[in-house]
Amino acid sequence: MKILVVDDMPLMRHVLINMLRSLDYNDIIEATDGSQALELLEKQHFDLVITDLHMPKMDGKCLLNHIRETPEFDDLPVLMVTCEDSKQTVTDMIAAKVSGFIIKPFCLNTLQKQLSRIVKPA
């Protein structure tokens with residue numbers, strides 16, 4: 001399974017990648033914002049995108065919208081990670097067809113539960 005991790009904070013990408021590796025996901029590519037993520041999506045196949053919501057250049061919601069509006073990506077699972085837990089934000093992400101939602105800070109167990117819920121076995 002190939003995973004694209006998108007976050008503008010290097011430490012958060014590092015933590016998330018280490019969590020994924022501990023769950024035996026090893027094919028992981030990093031992007032620093034939504035713009036870079038879209039460039040990577042156009043060049044490579046990914047099975048999952050895990051993205052932060054708030055980033056410069058292009059945030060996670062814009063990235064999610066672009067993914068859902070692009071026919072070849074519209075069924076690509078997108079897991080949104082954010083420290084924002086307002087009801088409106090969650091409602092907006094559900095309306096934008098996010099596959100899963102994790103509130104920071106989170107533990108390995110929370111990540112594992114979301115992944116097992118949204119990732120289809122090979």
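Is Asp 24 buried or exposed in this model? Asp 24 is exposed, with a relative accessible area of 65%, where exposed means over 50%, buried under 20% and partly exposed in between, computed with a 1.4 Å probe on protein chains only. The model is a predicted one, in which local features need pLDDT of at least 70 and side-chain atom pairs count only at pLDDT 80 or more, while totals for chains, interfaces and linings use all residues. Residues are numbered from 1 along each chain as its sequence is written, and side-chain values use heavy atoms, with hydrogens and water left out.

**Helix H2**

- Helix H2 spans residues 34-43, and its buried residues are Gly 34, Ala 37, Leu 38, Leu 40 and Leu 41; helices (H or I, at least four residues) and strands (E, at least two) are DSSP runs, numbered from the N terminus.
- The partners against which the buried residues of H2 pack are strands E1 (2-6), E2 (27-31) and E3 (48-52), together with helix H3 (60-69), with contact taken as heavy atoms within 4.5 Å.
- On the face of H2 turned away from its buried side are the exposed residues Glu 42 and Lys 43.
- The N-terminal end of H2 is capped by Asp 33, which has a side-chain oxygen 2.9 Å from the backbone nitrogen of Ser 35.

**Backbone features in loops**

- Lys 104 and Pro 105 are joined by a cis peptide bond with an omega of about -10°, and Pro 105 is found in the loop between strand E5 (100-103) and helix H5 (108-118).

**Largest pocket**

- The volume of the largest pocket is about 240 Å³, a pocket being an open set of points on a 1 Å grid over the protein atoms alone, where a 1.4 Å probe fits and protein lies on both sides within 12 Å along at least five of seven lines.
- Of the 14 residues that line this pocket, His 45, Phe 46, Asp 47, Leu 76 and Pro 77 are the closest to its centre, and lining residues are those with an atom within 4 Å of a point.

Notes
Grid points are joined across faces, edges and corners, and a volume is the space filled by probe spheres set on the points. A polar contact is a pair of N or O atoms within 3.5 Å; within protein, one must be able to donate a hydrogen and the other to accept it, and residues adjacent in sequence count only if both atoms are side-chain atoms.
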